[in-house]
Amino acid sequence: MAGASLGAELAPHASILMLEAEDRPGYHATGRSAAFWEECYGGPEVVPLTLASGPYLRDHGFLRRRGAVYVGRGSDAGALDAFVERFRARGATIERIGREVLEAHIPGLRPAWTGGVWEPACSDIDVAGLHAHYLARFARAGGTLRTRGRVERLDRTGDGWVVAAAGAEFQAALLVNAAGAWADGIAALAGVPAVGISPLRRTVVQLRVAPSPPDDMPLVLDIEGGFYFRPENGRLWLSPQDETPSAPCDAAPEELAVAEAIDRLQQVVDWRVEAVERKWAGLRSFAPDRRPIYGFDPADPSLFWFAGQGGFGIQTAPAAARLGAQLLLGASRDGMTAGLDPELYSPARFRP
């Protein structure tokens, strides 16, 4: 999603080659997303990107309203209150709710869960549709996509770069590092210091449960970060919100994470788990401060970072790509990006 969205924004204004290491775009994190747009996801400093992206996603039909509820036990009352205060200050539309409202949203909720936070705007995202939209925009504007194009070598020249990939060499004035979990590796090939991007594995399982979850049930998240789940075509998508450090790779789920997810679910609701139908994992890549990285590298201004987008890269794609393109092209902000502070996301924050 990072490369496709930024490429779509840039292609009308420049000659763009997008190199994809795999057989097809979206094989890794994009194709394994839990597929929701949630105003508070990613932390307070990501909220502006999420809110700025919302109108584009809604106007193009990529969002379907679901709602979200953060749940907590009695001992979590302070955390729930603090959550509301912190995210309201950033513009999120949320409200504190009690047990009675929780029961209306979550059938079979166990008694220990007594409070929550309601977020009405949370929506499912058509991730495949959004990705295809950006790839189509990129192609229509004359962009070139090369799959099976894993970068093998990067050579700095006097006026740009020579990129060796897919058995060929390409010349470019600017190099954009949108390589997700592999972003620090690309920096190393370019001779630029890494910023410390950490790929973390996240597991999702699809369960058949009884009773089946209502189709209109909201996304349910633990205020302590121990799980989230939502219905999907009569089944339940569930994650233990694991963050297991990993080398960049084709991530696979581990049985322990699946077992932990099910155990945590059974502490929340009284549903019976009848079968694990699918399971998968993806890598979410974070900078040390968990903010994304958008901008020219101070060590080499011919390399532009567009990475570190954690688990929020899809829901922030429209605003992030628009901002990234404006920074690359030296263009003015527009209505989508006027409220964003690019200094929050600059790679300069990691340089002495």
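In helix α2, L49, A52, S53, Y56 and L57 meet A317, P318, A319, A320 and R322 of α8; contact here means heavy atoms within 4.5 Å. By class, this contact has 8 nonpolar, 1 polar and 1 charged residues. Nonpolar covers Ala, Val, Leu, Ile, Met, Phe, Trp, Tyr, Cys and Pro; charged covers Asp, Glu, Lys and Arg; the others, Gly among them, are polar.

A word on the source. This is a predicted model, where local features need pLDDT of at least 70 and side-chain atom pairs pLDDT 80 or more, while totals for chains, interfaces and linings use all residues. Residues are numbered from 1 along each chain as its sequence is written, and side-chain values use heavy atoms, without hydrogens and water.

Back to the helices. The axes of α2 (residues 47-59) and α8 (residues 317-329) come within 6 Å and cross at roughly 105°. Axes are lines fitted to C-alpha atoms, for helices over the stretch in contact, and angles run from 0 to 180 degrees between N-to-C directions. So α2 is roughly perpendicular to α8, a label for 65 to 115 degrees. Helices (H or I, at least four residues) and strands (E, at least two) are DSSP runs, numbered from the N terminus.

Next, the sheet. It is open, has 3 strands in the order β12-β20-β19, and its pairing is mixed. Pairing takes at least two DSSP bridges between two strands. At the edges sit β12 (175-177) and β19 (293-297). β19 and β20 (residues 300-307) are antiparallel over 5 bridges.

Terms used:
Angles under 35 degrees count as roughly parallel, over 145 as roughly antiparallel, 65 to 115 as roughly perpendicular and the rest as oblique.
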